[in-house]
Amino acid sequence: MSTLLSVRDLVVEVPAQNIKIIDGISFDLKAGETLGLVGESGCGKSMTCYAIANMLPKGVVHTQGKIDFCNHNATAPATAKPSIAMIFQDPTSSLNPVHTIGYYLQSTLARHQNLKGNDARMEAIRLLERVGINQAKQGLKAYPHQFSGGMNQRVMIAHALAAKPQLLIADEPTTALDVTMQAQILHLLEELKAETGMALIIVSHDLGVIARLADKAAVMYCGKITEAAPVADLLKKPVHPYARALIGCMPSINPENLEPPVPIPGAVPMLNDLPDGCYFHPRCAHARDVCGQVFPSPTPVNHAHTVSCYYPVVS
Ligand SMILES: Nc1ncnc2c1ncn2[C@@H]1O[C@H](COP(=O)(O)OP(=O)(O)OP(=O)(O)O)[C@@H](O)[C@H]1O
Ligand code: SF4
Ligand SMILES: [Mg+2]
């Protein structure tokens, strides 16, 4: 499989606050592959996605490093460009309340597929049906507030598909939904991936979601990737103390093994007051003197597994 997306030494800063939100991360994604991004709140998962989609908020700037998205030709017409689509955590507030679902889908179909009038309407109906919206024809006339959160997430996915993306970025797509709706949306994403061959970046706090969808995963902490590996290796054999601690926080629903989750002591440091050395060292049970001096560089555990830690836990 060819490389679809290459991120090299990406740095994203907020110059007005003199902070680095993303600090030198690198990864590759092949066509059809799924990357899971995990980490505590504020570690930079969403900003990584926004940087890739070229949607960074005002005041947040991509200052260093390269993001290469396959054969992207800035002068090509929108219909010919390989595209990136994004879906968000809270679908209802991500949709414009003054436009109907039909307007929302058809304007994107016009831009990305050059479809107009009845052709755009028919394709919008087909997309809504594909994502499991019953009575799709009537759905075109509805406003977002008339749909449930789960239905609006399906609309967001239909909208993403209207752009025929080669890469879909899903930032916490199921966090705001109840468990049955979560399972349906995950199943839909799996089906669409298989059908379209698109690559996926999925952000989730829920390691179960990452285990289910991702081929590989990266753990982020304070804007850095601390460990990256094929998903089975990362979840079964994590070596970074932070990744191990995150997995230790997961509640078990296995009645044979109802060990209580173990919280990570302390809190994520503020980006304007990062500790010297490894950013995790004030919270790490394995820390020694060197950990508080210089940030550890990424080193290979094996060919596809890297870790930034002086004392990875291999057991
Ligand atoms: N518009 C902004 N201006 C300045 N800093 C911001 C802005 N948006 C986010 N940040 C900061 O950037 C850092 C990374 O935020 P980001 O939203 O990427 O975190 P996250 O990992 O997605 O967290 P969560 O799991 O809560 O969604 C945080 O410290 C956050 O406070
Ligand atoms: S480098 Fe040191 S402080 Fe950081 S995670 Fe590894 S052992 Fe812990
Ligand atoms: Mg986020």
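Reply: Happy to! Let us begin with a term: a polar contact is a pair of N or O atoms within 3.5 Å. Keep in mind that this is a predicted model.

Me: Which atom of cysteine 43 is 3.2 Å from an oxygen atom of ligand 1?

Reply: In cysteine 43 it is a polar backbone atom. Histidine 205 brings in its side chain: an N or O atom there is 3.1 Å from an oxygen atom of ligand 1. As for cover, ligand 1 has 640 Å² of accessible area on its own, and the protein covers 68% of that.

Me: Now the surroundings. How many residues surround ligand 1, and which are the closest?

Reply: A residue is near a molecule if one of its heavy atoms lies within 4 Å of it. Ligand 1 is surrounded by 15 residues, and the closest are Ser41, Gly42, Lys45, Ser46 and Met47. Helix α1, residues 45-52, gives the most to this shell, with three residues.

Me: What classes of residue make up the shell around ligand 1?

Reply: You will find seven nonpolar, six polar and two charged residues there. When you sort them yourself, remember that Gly counts as polar.

Me: Which ligand takes up the space of the largest cavity?

Reply: That is ligand 2. The search for cavities uses the protein atoms alone, so a space taken by a ligand can still be found as a cavity. Around ligand 2 there are 13 residues, with Cys278, Cys284, Cys291, Cys309 and Tyr310 coming nearest. The shell around ligand 2 divides into ten nonpolar, three polar and no charged residues.

Me: And the second largest cavity: which residues line it?

Reply: The lining is Val38, Leu207, Val219, Leu234, Leu235, Pro238, Ala243, Leu246 and Ile247. About 40 Å³ of space lies in this second largest cavity. Its nine lining residues are nonpolar, with no polar and no charged ones.

Me: Which helices supply at least two residues each to that lining?

Reply: They are α9 (231-236) and α10 (241-248). The largest share, three residues, comes from α10.

Me: Can we finish with a pocket? How much space lies in the second largest pocket?

Reply: About 580 Å³. The second largest pocket is lined by 28 residues, and Ser26, Phe27, Ile225, Ala228 and Thr306 lie nearest its centre. The largest share comes from β9, with seven residues.

Me: How does the lining of the second largest pocket divide by class?

Reply: There are 14 nonpolar, eight polar and six charged residues in the lining of that pocket. By contrast, the lining of the second largest cavity has no polar and no charged residues.

Note on methods: Residues numbered from 1 in each chain as written. Chains lettered and ligands numbered in written order. Predicted model: local features only at pLDDT ≥ 70, side-chain atom pairs only at ≥ 80, totals over all residues. Heavy atoms only, no water. 1 Å grid on protein atoms, 1.4 Å probe; cavity = no way out; pocket = protein on both sides within 12 Å on 5 of 7 lines; lining within 4 Å. Points joined across faces, edges and corners; volume = space filled by probe spheres on them. Helix = DSSP H or I, 4+ residues; strand = E, 2+ residues; numbered from the N terminus. Sits in = over half its atoms within 2 Å of the grid points. Polar contact = N/O pair within 3.5 Å; in protein donor to acceptor, adjacent residues only side chain to side chain. Areas by Shrake-Rupley, 256 points an atom, 1.4 Å probe, with all protein chains shown as cover.
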